[in-house]
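I opened this model to look up a few things one after another, and I note here what I found in each place.

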Amino acid sequence: MLWHKTIGAGGISKGIELVNKLGGGTGDDTNITIDISSFSLEADDLLVLAVGFKDNTDRDVSATNFTELVDAYANSSSDANLFVGYKVSDGTETSIAVNTNTTSFTAFNVYQWRGVDTLSPIDTTVASAQATNGTIASSPDVTTVTDNAVIMQFADASGGGSQTILTTLTEPSGTENSDKRGGNANRLTTCSSIQETAGTTSLNDFSGGVTGDTGQSFVTATIAIRPNQQSNTWTPADIT
């Protein structure tokens, strides 16, 4: 499969494996706890968290011990908020504490990756885009510097509570490992692919979830995860 590939010679491991993913949603509390006790975590696994919700204020989202990559907001009558962050695991985590600063329903995705360069897990500058008036935001391209980087694409869409079209928000073609959460008022979708050769991506866009309603808003983001570049071959010194 595209997301699980080991290449190279001389003991250089360049494969990233998706070990686990989960998604869900909760509301009515600015502080939420995401249970990841089902994950088989090992030290140096990479946890990537995406959080999306509808709120007519640009909320400051944070997750304990996570590094923020994206805090994006699209301003319309139904505003979309998207947070993306990461953490290099110590292998003992059983939950993630998130502060959303909103009581709106919050959708989330958590992805567990293995085989990541823990010294520099994010391969290139993160990109995000916004759109309003019922127009879906394009997925921004990024320029990777390492072969076989994992590309993760995120989209959060918000609209009126009766806009069931949001539930049709669909991941771009050519991606996999998708997870979709939310409902008629807000929808979060996350997916991934591999950029086999370092360079500028040519990503397809998310589709569906559009009515042309001026109240709808969309936020998209793209990150690249760097595969482990460390040698896993030990060569003993000469014995004299």
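**Entry on a loop residue**

I began with Asn-204, which touches Ser-139, Gln-153, Pro-172 and Ser-173, leaving aside residues up to four places away in sequence; contact here means heavy atoms within 4.5 Å. Asn-204 sits in the loop between β12 and β13, where strands (E, at least two residues) are DSSP runs numbered from the N terminus. From Asn-204 to Gln-153 I count 51 residues in sequence and read 9.8 Å in space, C-alpha to C-alpha. I note Asn-204 as partly exposed, because its relative accessible area is 38% (buried is under 20%, exposed over 50%, partly exposed in between, with a 1.4 Å probe and protein chains only).

**Entry on the source**

The model is predicted, so I keep in mind that local features need pLDDT of at least 70 and side-chain atom pairs count only at pLDDT 80 or more, while totals for chains, interfaces and linings use all residues. Residues are numbered from 1 along each chain as its sequence is written, and side-chain values use heavy atoms, with hydrogens and water left out.

**Entry on the whole chain**

I find 0 helices and 13 strands in the protein. Of its 240 residues, 50% count as buried. Among contacts between residues at least 6 apart in sequence, 77% join residues at least 24 apart.

**Entry on the cores**

I then looked up the largest nonpolar core, which has 27 residues, and those with the most contacts inside it are Val-48, Leu-82, Val-84, Trp-113, Met-152, Phe-154 and Ile-225. Such a core is a set of buried Ala, Val, Leu, Ile, Met, Phe, Trp, Tyr and Cys residues joined through side-chain atoms within 4.5 Å. The elements giving two or more residues to this core include β3 (46-54), β8 (106-114) and β10 (149-158). Apart from this core lies another, of 18 residues, among them Ile-36, Leu-49, Phe-66 and Phe-83. For Met-152, I list contacts that include Val-48, Tyr-111, Trp-113, Cys-191 and Ile-225, again not counting residues up to four places away in sequence.

How values were computed:
Helix = DSSP H or I, 4+ residues; strand = E, 2+ residues; numbered from the N terminus.
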